[in-house]
Amino acid sequence: MNLSLPQTEQIISTMVGYILSQHPSKFTAETLPHDQSLLELGVLDSAGVIEFIVFVETQWGIEISDEDITKERMGSLDKMAALVREYRGRKG
Amino acid sequence: MRLIDLTDYPSLRYENGSDDEVLDRALGTGALPAGQYAFARARDGSVYLVRDPVGCNKLFFGRLPGGDAVVANRIERLWHEGLPLAEIGSCPPGHVLRVTQAAIDRPVALDVCSIRAEPRLDPGEFAAGCRAVLESAFAALAQALAARQFVVCLSGGLDSSVVASFAARHLKGVVAASFTYLDDADLRRRALGAPVERLESASEDFRCAARVAAALELPLLPVVRPRQAVAAAVDASVRLCQDWRDFNVHCATVNLFLAQDIRAAFPGRKVVVLTGDLMNEYLCDYRAEEVDGTAYYKIPRVPLDRRRKYFVRGLDAGDREVGVFWGYGLTACQPYTVLAERYMRVPAPMLEQPDIKRTLNGPLLAPAAAPHVSRSKTRAQVGGKDLGTLGIYHRLGVGEGELKRVWQEQFPGESAAACEGLIQFGRYRLPPLAAGA
């Protein structure tokens with residue numbers, strides 16, 4: 001687990017790697033949109049979203065609180081990356 | 001700020017105390033009693049929203065253009081008051097939300113899922129503790145609701161059979177109700193008086209339920225439908241259960257049929273319908289299903305303690321029990337609400353044991369009922385030939401797309417995104433909270 005504040009690009013790259021390996025779809029690393037909902041794109045279903053959240057929490061050693069589990073905060077890879085940085089930033 | 005209170009779900013608590021007393025105690029101690037309740041109170045220029053720890057009763061909230069707060073158990077009631085869906089939020093389970101003109105905060109925020117597991121939990125002591133809590137809860141029901149007609153829904157599985165065991169001992173005049181599909185020939189035989197449990201097309205679950213009812217000396221109300229009845233039940237199932245996700249809608253359909261016949265059997269009576277709901281969430285006792293190669297009810301591949309959180313927190317969204325029975329003027333009662341905290345203490349390694357439910361809950365069964373309980377039962381809606389209600393929905397071609405369409409249809413002018421936005425990541429959407437709340 002990397003304890004320094006990760007860069008957005010690194011976070012997204014790790015997330016994309018996970019998505020492509022665990023939830024195969026028509027998208028590739030080059031075509032997977034970073035600014036759209038993975039649920040609405042059909043990349044993740046409701047169970048897949050939970051798996052993804054658990055992956056993110058485990059990977060970056062954070063626990064996302066309930067009120068942040070919303071479309072506004074987690075509705076795309078870009079938003080997820082920002083959330084991870086925010087949580088990691090709070091951990092100092 | 002004025003409060004427009006459109007709540008109309010019945011409350012069930014297992015200890016004395018008015019809504020005001022519950023609110024006072026919550027604000028003073030941070031504790032909320034077990035039960036099924038969701039209410040609002042206006043005090044000192046604020047509005048307080050209060051919801052039970054598991055989230056059995058739903059509580060939706062919004063603000064009218066003039067600033068008045070409006071609350072209801074039903075989303076459509078707020079919408080018909082003029083609130084767009086995008087402006088409707090839900091009070092989370094175990095919360096007290098305080099709404100002022102300026103902001104919303106949460107002076108009480110309980111989360112049953114945050115209770116720590118007990119690594120050395122002793123199953124025998126655990127069952128004894130659960131028994132004592134259920135004894136007390138049923139004694140409270142018997143006292144508080146003595147004049148009501150009690151009906152216990154029996155699916156043939158362990159969860160509802162335990163509830164029936166306690167109901168038979170503590171409550172007077174209890175009737176059991178169980179559901180099965182029948183084919184056309186058996187429906188004719190049934191009409192001529194044949195016992196349902198002897199009919200070939202009755203489900204094995206129904207037969208188990210009939211045997212459990214007989215063992216407990218409870219009269220049985222057989223609820224039967226042809227498979228064709230499902231098509232006509234889709235709209236009501238979606239609307240009453242305030243959800244479009246298939247696992248909840250399918251369950252709601254079974255409850256809809258039960259509610260219809262229970263209502264017809266006891267016209268004009270105040271009826272309490274006991275169900276064995278919640279235990280599957282507490283013990284992660286759900287599995288994925290497959291019909292003709294199509295996967296349903298996918299289970300997240302995450303550690304069991306996380307999966308349990310997902311299931312239990314997910315009880316927030318969907319109204320397959322209280323909402324569906326309410327639609328027919330019946331009070332649903334989920335006695336397992338009183339055990340939520342205890343089951344959160346069951347450690348994850350124990351949840352992985354193959355027959356853990358029977359280990360923990362088998363001792364709660366009445367001895368006479370125990371030999372008749374189905375060992376394979378999980379979801380009520382997959383019982384019977386061809387995966388029961390799930391199989392029928394599949395063969396009708398009614399998937400989540402169609403269920404979403406039905407949900408959206410009741411809110412003309414609202415976009416699909418607005419309709420679907422009410423449930424996010426398996427939970428009803430929170431209202432916007434003050435920063436740091």
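Where in chain B is Asp292(B) found? Asp292(B) lies in the loop between strand S15 (289-291) and strand S16 (294-296) of chain B. Strands (E, at least two residues) and helices (H or I, at least four) are DSSP runs, numbered from the N terminus.

## Basis of the report

This is a predicted model, in which local features need pLDDT of at least 70 and side-chain atom pairs count only at pLDDT 80 or more, while totals for chains, interfaces and linings use all residues. Residues are numbered from 1 along each chain as its sequence is written, chains are lettered from A and ligands numbered from 1 in the order in which they are written, and side-chain values use heavy atoms, with hydrogens and water left out.

## Two residues with positive phi

Most residues other than glycine have a negative phi. Asp292(B) has a positive phi, near 45 degrees. Asp292(B) is exposed, with a relative accessible area of 61%. Exposed means over 50% relative accessible area, buried under 20%, and partly exposed in between (1.4 Å probe, protein chains only).

Glu217(B) also has a positive phi, near 60 degrees. Its place is the loop between helix H6 (204-215) and strand S13 (220-225) of chain B. Glu217(B) is exposed, with a relative accessible area of 71%.

## Nonpolar cores

A nonpolar core is a set of buried Ala, Val, Leu, Ile, Met, Phe, Trp, Tyr and Cys residues joined through side-chain atoms within 4.5 Å. The largest one has 121 residues, and those with the most contacts inside it are Ile262(B), Leu274(B), Tyr282(B) and Tyr343(B). Helix H8 (residues 246-265) of chain B gives the most to this core, with 8 residues. A second, separate core has 27 residues, including Ile12(A) and Phe27(A).

Contact means heavy atoms within 4.5 Å. Not counting residues up to four places away in sequence, the residues that Tyr343(B) touches include Phe126(B), Met279(B) and Arg308(B).

## Where the chains meet

The contact takes 19 residues from chain A and 16 residues from chain B. About 1,500 Å² is buried between chain A and chain B, and carbon and sulfur atoms give 53% of this. Buried area is the accessible area (1.4 Å probe) that two parts lose on being put together, summed over both. In chain A, Ile50(A), Glu51(A) and Asp66(A) lose the most area to chain B, together 31% of what that side buries.

There are 6 salt bridges between chain A and chain B. A salt bridge is a side-chain nitrogen of Lys or Arg within 4 Å of a carboxyl oxygen of Asp or Glu. Asp45(A) forms one with Lys298(B), with the closest N and O atoms 2.9 Å apart.
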